[in-house]
Amino acid sequence: MSDTQFPRFMVFQQAGEGEPLLHNGTVHAPDIEMALLNARDVFVRRPDAVALWVVPVDAIYSQTREELTQTIARSAKHDEAIPNPELEDYYVFGKLSQQAQATHLGKVNANSPQAAMNAAVEKFSDRKVLRWYVFPASAVLKSKPGEADPMFAPARDKTYKDQAEYPVVTMMRQIRATGHLEEDK
Amino acid sequence: MKQALQKPLAQYLIALADDELILGHRNSEWTGHAPILEEDIAFANIALDEIGHARLWYELAAELSDEDKRTFPDKQVFFRPEQEFCCLQFVELPKGDWAFSMLRQYLFDALEAQRLKGLIKSKQKPLADVAAKINNEEIYHLRHTRAWVRRLGLGSKESQRRMQAALDELWPYAQALGARLPGELELVEEGFVPSSSKAFGLWKKEVSAFLKEADLKTQEAKVHEVDRAVHSEYFEVLVKDMQEVAQTEPGASW
């Protein structure tokens, strides 16, 4: 069966000035502009953010540390698929532990995804990266600083209840045990 | 503020609030049913924003009417008889298909944006403050709904057909957005609120150009019912639905 879903975009979010962008999740959208809007709605309703980036999943080249050591064949194939003689900027992200979200490491200049990957591994050799991600800077759509207010400010002073504040589980247990809910004392 | 202006201003604010509330309620009907998960979340957020704006306007109205700010919004929403609501029929209409709901939200947001420009400059400071707060969210709503209207208008044959059908149905109702709000005449003179007809003029210019770009045609339409006391056939069921739970156990806490 063919995939009828919209394309996927990776979402990166910066929680505060000076903090690194972190991979936060994925959204579906018909195009990159809608992806940025969806990212805002899905991921920035509650937590703080100062910047959002979205990148088409197809534009991201990713390898684990293990793959990197033995992927000459694969990388050759990848280079073939995306020939690009021009040098361009690539963003580099890395997953630094199994639990952690991929974090922004920096930028490299390269003429193919694999060349960018190689340059990234060399440039950030001091970081212990489990999985690397590189993508051309031109593939990213970023929230504009001038739009930060309507994008992010409304979520900041919204009041909301944490899930734990609804004592549903306790209430259900009580009902199961006693057949009814005890009134508040 | 002059004593004599308190009542008209309260009426004006309640009309603003009722429009936001009923539109928010209608849009909340999409929750769990929107075309994709991301949009489900986004549109539920927008619905919630509108209901939040209604609450802010009701609270301001409470302060002008010697009512308790904490209980007044709930009283208005859950315990007011249907005949006392003063929303436009434009916001009462059933949610229709996705094109209809997106277009209605866009037309509403675009008018609100024009009106908020004036309200932000209101000589009534508390009103201006609330308007500024609301405006921040509205900028985003407009961006979202414009994105959809454009994509559906310029999308497939089917999406264009649905969008045009939605416009044909909504356009006469939308003309009522330019009608004067209760109490407006005196309030405009005092510099408290902007003139609705002026906001509507700017709205019409902007909206017409945008719709044209999205390959959608507007036809000269008669203004549908502008009297906010006259409701559509759909309104009674909507209010009953909205108030049912609260009225089952008044005063229950959640």
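Me: What makes a residue buried, exposed or partly exposed?
Reply: A residue is buried if 20 or more other C-beta atoms, placed from the backbone, lie within 10 Å of its own, exposed if 12 or fewer do, and partly exposed in between. The model is predicted, so local features need pLDDT of at least 70 and side-chain atom pairs pLDDT 80 or more, while totals for chains, interfaces and linings use all residues. Residues are numbered from 1 along each chain as written, with chains lettered from A in the order in which they are written.

Me: How do you know whether helix 6 of chain A lies in the open or is buried?
Reply: Helices are DSSP runs of H or I with at least four residues, numbered from the N terminus. Of the eleven residues of helix 6 (residues 168-178) of chain A, zero are buried, so the helix lies largely in the open. Just after this helix, A:G179 takes a positive phi of about 85°.

Me: Why does the span of helix 10 of chain B agree with its number of residues?
Reply: The expected span is 1.5 Å times one less than the number of residues, and because helix 10 (residues 235-248) of chain B has 14 residues, it should span 20 Å, which agrees with its end C-alpha atoms being 20 Å apart.

Me: Which residues of chain A does A:V134 touch, not counting those up to four places away in sequence?
Reply: Contact requires C-beta atoms, placed from the backbone, within 7 Å, and the residues that A:V134 touches include A:Y61, A:Y90 and A:P113.

Me: How many residues of chain B are in contact with chain A?
Reply: In chain B, 13 residues are in contact with 17 residues of chain A, and helix 6 of chain B gives the largest share of that side, eight residues.

Notes
Helix = DSSP H or I, 4+ residues; strand = E, 2+ residues; numbered from the N terminus. Contact = placed C-beta atoms within 7 Å.
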